[in-house]
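This report goes through one protein chain from its overall make-up to the packing of selected residues. Please view the sequence and coordinates before reading on.

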Amino acid sequence: DIQSKWETPIINKPSIQFMKETPLTKPGAQPMQETILRFDAKSKPETPFKQVMALKNKPVFRPTASLPQQVVTDWIAGCVEMMDRRRKDKDSLAGRDEGQCGDTGATGLVKMDECPDKTAADKKGIQLNLSTSSISNLSSFPTVPSLDPEFHPETHTLTTFSHQASDPGFLSYCQTPPGSEAVQHLLNNGDQETKERIFQSVMSCDLLDMVTNHQSCQVVQKLCSCVGHDMLEKLVIPVNKQFITLSLHPSGHQAVLAVLAVASQDQKNMITSQLENENTLLQLLKDQHGYFVVQRCLPYIQAETISCIAKSLECRVVEVGRHPKASAFLQEFFRQFNGKDRLVDILQEKVMDSLQCLAYSDTGIWLVQTVIKLGHPTAITTAIGWLENNMQNVLEDCNAVFVARTLVQQLLARSMKGIQNTWSQAMDRLVDKMIDTMVVVVNGETLPLIIVAAMHHAGHIVVQEVVRQKEWLGDSREKMKRVMEQHRLRLRVDTYGCLVVKGLEGWM
């Protein structure tokens, strides 16, 4: 035929070719135009139907040897979970189909003989009406429309809710993604009576089962912002009783945060008063979820609770200061209540007394720097004495050097040009200490500590801060300039020393 005669095959080029050719014709005949869609894979042209179907096929994920092991493991786990969920949905759907073939009676569900095309009815969105005795059957029908990809919660209205002593059907319904979404939609758009009935159904369930599931917990969170003060009071009581358990749970702590956001001050006081217990406080501070609950409680705690927290942590400063979550809480605690309670000031003094343990810790340095930045004279004086006694060790430690830089910044900020005060004199003593302390280096040469620190990967940040704000120094300024000028060539060729020279010349 014409196509096979005049079509030129493309060899070893797997791609989609759109070719428009004009084959030869007999004399006097009209030229014939034809468009050929060809997929040249393995140099074998395929039929147009197979070519189009190949284009419509969706890409399939196939793991390769270059993928990380964790990615492959997560993919396999996701596939297994998906197949298990589909099998359960299929079994539950088959059971519901058998139960819905008969007369539904007072349940308000659509009869099978009235709706022979069940799939079409699902896609149109059957209105689900619950009578006073059907709330326990809530989980028997919503899964059918939820399997439809076109399911939308606004097309399914739950017109009636009833209250029973135990309501496992409502709980099961809320624990499904479409059920949770549908109930939240009713809470957003329903009338007050519907919201009250949903609240009664929630309270009839076990609150722990309700909030420890991610989907049903979202219903509780939405409910907190939709009910009145009296109803919220009934919800706060069980939350307060199970405060610790809920605060430590991945989804339960979200319910506690939602309650705190809308509760009255008396209700907040009832919840935050539990932080007065030392064991409860430490248990929450060291947990990744409980930490957020305690942080959220800070703006609401009363004076008595503040004193109890400070007293509880007084003997555990090092333990708390070295823990990442607990240390962050204590920093915020100091920022909010600095100077408002005598026990808080005492706790800051305990932190400074533990400098030797905290200043060399990865997390402890942040707590120490926070206390120094708050500017309490006693804390700054304690830090000055600690730095004078441990100057060389501090300048050579990657963690403690940041505490030293924070202290230098605070002293220079409190100094005045041309005027000697307590802080400028303390800064002069520290600079003199760095200049007068001689250190033996590797080749046996003796150099001032300030020069050795200027060439150190950690210590140079303190020296750089001093030379950058040299105008705020007192009597030690000229002495430091002479030492720096004496060793300028040595510093210029050093990786870190050159940064100090730039700071001395005003470039940094």
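The text below covers the model's confidence, its overall composition, its core and a few helices.

The model is predicted: local features need pLDDT of at least 70, side-chain atom pairs count only at pLDDT 80 or more, and totals for chains, interfaces and linings use all residues. Residues are numbered from 1 along each chain as its sequence is written, and side-chain values use heavy atoms, with hydrogens and water left out.

**Confidence**

The mean pLDDT of the chain is 77, and 72% of the residues score at least 70; pLDDT is the predictor's confidence in each residue, from 0 to 100.

Confidence is lowest in helix H5 (residues 143-146), with a mean of 36, and highest in helix H22 (residues 364-373), at 95. Where pLDDT is low, the predicted coordinates should not be read in detail.

**Overall composition**

The chain has 31 helices and four strands. Helices (H or I, at least four residues) and strands (E, at least two) are DSSP runs, numbered from the N terminus. Of the 508 residues, 42% are buried; buried means under 20% relative accessible area, exposed over 50%, and partly exposed in between (1.4 Å probe, protein chains only). The accessible surface is about 27100 Å², with 53% of it belonging to carbon and sulfur atoms; the areas come from the Shrake-Rupley method with a 1.4 Å probe, and for residues, only the protein chains shown count as cover. Among contacts between residues at least 6 apart in sequence, 66% join residues at least 24 apart.

The count of disulfides is zero, a disulfide being a pair of cysteine sulfur atoms within 2.5 Å. Cys 297 is buried at 0% relative accessible area, whereas Cys 498 is partly exposed at 21%.

**Nonpolar core**

A nonpolar core is a set of buried Ala, Val, Leu, Ile, Met, Phe, Trp, Tyr and Cys residues joined through side-chain atoms within 4.5 Å. The largest one holds 119 residues, and Leu 313, Phe 333 and Met 484 touch the most other members. Helix H25 (residues 400-413) supplies the largest share of this core, eight residues. Beyond four places in sequence, the contacts of Phe 333 include Leu 298, Ile 301, Ile 306 and Val 344.

Val 351 lies in helix H20 (residues 342-353) and is buried, with a relative accessible area of 0%. Not counting residues up to four places away, Val 351 touches Val 317, Phe 334, Leu 358, Leu 367, Val 368 and Val 371. The C-alpha atoms of Val 351 and Val 318 are 7.7 Å apart, although 33 residues separate the two along the chain.

**Two packed helices**

Helix H28 (residues 460-468) is largely enclosed by the rest of the structure because eight of its nine residues are buried. Among them are His 460, Gln 464 and Glu 465. The buried residues of H28 pack against partners including H25, helix H26 (422-436) and helix H29 (476-486).

In helix H15 (residues 278-285), the buried residues are Thr 280, Leu 281, Leu 282, Leu 284 and Leu 285. These pack against helices including H16 (290-297), H17 (303-313) and H19 (324-337). At the start of H15, a side-chain oxygen of Asn 277 comes within 3.0 Å of the backbone nitrogen of Asn 279.

Methods. Contact means heavy atoms within 4.5 Å. A polar contact is a pair of N or O atoms within 3.5 Å; within protein, one must be able to donate a hydrogen and the other to accept it, and residues adjacent in sequence count only if both atoms are side-chain atoms.
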